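Please look through the structure shown here slowly, with the sequence beside it, and then follow the explanation below one part at a time.

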Amino acid sequence: MEKKISLQDLADALASRKNFSRREADTFVRNFFECVTQCVVDDKVLKIKGLGTFKLIEVASRESVNVNTGERIVIPGHSKVSFAPDTSLRDQVNKPFADFQTVILNENTPLDEMERTEPVTPLPVADFPEETDDEDDLDISVDDVSIVTDDVEQAEEHDEEDIQSEATTEEVKPVAADTAAENVEPQTETATEVHAVATVPAAVSATATPAVQVVHKGISPWFALLYALVTLLLMGLSYYLGYSRILSLNIQRPKTEQTRVVRKKANVSAAQQQKAAAKPKPKPSPTDLYPQVPGGKYLIVGTRRVHIMRVGDSILKLAVKEYGHKDFAQYIIVFNQFPNPDVISVGAEVKIPELKENK
Amino acid sequence: MNNKEFIAFLSEKNGTSTRLTAELTNALVAEVSSQLEDENTVSIAGFGAFEVKKKLERVLVNPATKQRMLVPPKIVVNFKPNNALKDKAKSK
């Protein structure tokens, strides 16, 4: 490979090939190239089969500048020898790449960019676009989620929801409020909730689940969190819808079970005070009646009292005053379900929950 | 000058039959080709050097149609005339 073959080597090879003496072969090769030179110079064109064409090309005179002196000089016209290999030789040499063919590129092939980015790819910078892509995906998926919830909304408007599912969703709402604190916990909870809300029309689940699956294709690490968020959103929405229905129009309910009717009546009679809703006759567990802090050490079992916010009050201060530690602010926030717990107006009623240790 | 004329000229110079010259010429050409195929450089004193060069793939644009084409990589034979040959050509 990449050796330098001299005239002598050629002569030797030729001698061995043709059973010639080395001296004869040597003279032949010498004569051959002498002849080539002579022929090219004399005839301007020489074609040798299997090797190629030698040509004498005229070079026109041109002006140039002497690099050292800056003087303008004229390079006189002259001739030079050029060589074009024969097709057979060209193909023989190009054998390793013979399979490649010139490809016509489409107009819209972004080749310039490809070529530009190719040398860049080894750099670590190339990782960043991928991440932003992921974020984009997330954004899109959030949009999808909202679409899904819209579907759910429509589906639910057509269907009468029973109180059982409302009670369960009521419980889930705080989980939505507490977003990223505990990923595993909400997921398992919601898994059970999905079963509880099996009474929710089949159309909802039919529309919701495929969309969710499509959204999470390829982003497995986010799957759990997103799935939880989606289900929580559904729950929260159904809660609001169902809740407002209880408050406003609460007459036409399917009277399937006596206990439900009783509980609904209780809701209706004490529409202004949520507290009243918590005391229906068939004693349900406190987890069904009150929003709970997911993974919290204490359960919210009732309303201790109602505090009216004054200037300078804060939920943290309330928590310290009532329970002795600011960490209990979480319970107050969850119990009152503030849309924005950072901004609470003066005069707002803040319910202080009664807490019981969770066993 | 074509191949036939060249062989006639060469055989005259060597004082051998054209058949033998043609045979030898073919053998020599085959030898040079096989050396070039192995990516060796064949350099002949007083004449020049045949060498192979690897060309990278490139994009070619037809200026008339603006059509872009991807030209594959290839190996080409290159001939570099020696100074002696250059001078001879120049003086002509």
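**Where the two chains meet**

Across the interface of chain A and chain B the rule finds three salt bridges, a salt bridge being a side-chain nitrogen of Lys or Arg within 4 Å of a carboxyl oxygen of Asp or Glu. This is a predicted model, in which local features need pLDDT of at least 70 and side-chain atom pairs count only at pLDDT 80 or more, while totals for chains, interfaces and linings use all residues. Residues are numbered from 1 along each chain as its sequence is written, chains are lettered from A and ligands numbered from 1 in the order in which they are written, and side-chain values use heavy atoms, with hydrogens and water left out.

One salt bridge that crosses between the chains joins the side chains of Arg17(A) and Glu31(B), at 3.3 Å from N to O. The pair runs from Glu31(B) in helix H2 (residues 18-37) of chain B to Arg17(A) in helix H1 (residues 7-18) of chain A; helices here are DSSP runs of H or I with at least four residues, strands are runs of E with at least two, and both are numbered from the N terminus. Glu31(B) is buried, with a relative accessible area of 7%, whereas Arg17(A) is partly exposed at 43%. In these terms, buried means under 20% relative accessible area, exposed means over 50%, and partly exposed lies in between (1.4 Å probe, protein chains only).

The contact as a whole, where contact means heavy atoms within 4.5 Å, takes 61 residues from chain A and 53 residues from chain B. The area buried between the two chains is about 5600 Å², and carbon and sulfur atoms give 68% of that area; buried area is the accessible area (1.4 Å probe) that two parts lose on being put together, summed over both. On the side of chain A, the residues that lose the most area to chain B are Ile5(A), Phe28(A) and Val93(A), which together make up 11% of what that side buries.

How do strands from two chains come together in a sheet? Strands of a sheet pair through backbone hydrogen bonds, either parallel or antiparallel. Two strands are said to pair if DSSP finds at least two bridges between them.

In this model, four strands form an open sheet in the order S1(A)-S1(B)-S2(B)-S5(B), and the pairing is mixed. The edge strands, each of which pairs on one side only, are strand S1 (4-5) of chain A and strand S5 (74-81) of chain B. S1(A) is joined by two bridges to strand S1 (residues 41-44) of chain B, and these two strands run parallel. Within that pairing, Ile5(A) stands opposite Val42(B), and Ile5(A) is also among the residues of chain A that lose the most area to chain B.

A further open sheet is formed by three strands in the order S7(A)-S4(B)-S3(B), with antiparallel pairing. Strand S7 (residues 103-104) of chain A pairs with strand S4 (residues 68-71) of chain B over two bridges, and there Ile104(A) stands opposite Met69(B).

Chain A has 14 helices and nine strands, and buried residues make up 36% of its 359 residues. Helix H14 (residues 329-336) of chain A is mostly covered, since six of its eight residues are buried, including Tyr331(A), Ile332(A) and Phe335(A). H14(A) is followed by Gln337(A), whose phi is positive, near 55 degrees.

Chain B has three helices and five strands, which run α-α-β-β-β-β-β-α from the N terminus on. Of the 92 residues of chain B, 42% count as buried.

**Salt bridges inside the chains**

Over all chains, a search of the whole structure finds twelve salt bridges. In chain A, the side chains of Arg72(A) and Glu63(A) meet at 2.7 Å, N to O; Arg72(A) counts as exposed at 62% relative accessibility, and Glu63(A) is exposed as well, at 54%. In chain B, Glu23(B) forms a salt bridge with Arg19(B), with the closest N and O atoms 3.9 Å apart, and both residues lie in helix H2 of chain B, four residues apart, about one turn of the helix. Finally, Arg304(A), Arg305(A), Glu322(A) and Glu354(A) are linked in a network of salt bridges.
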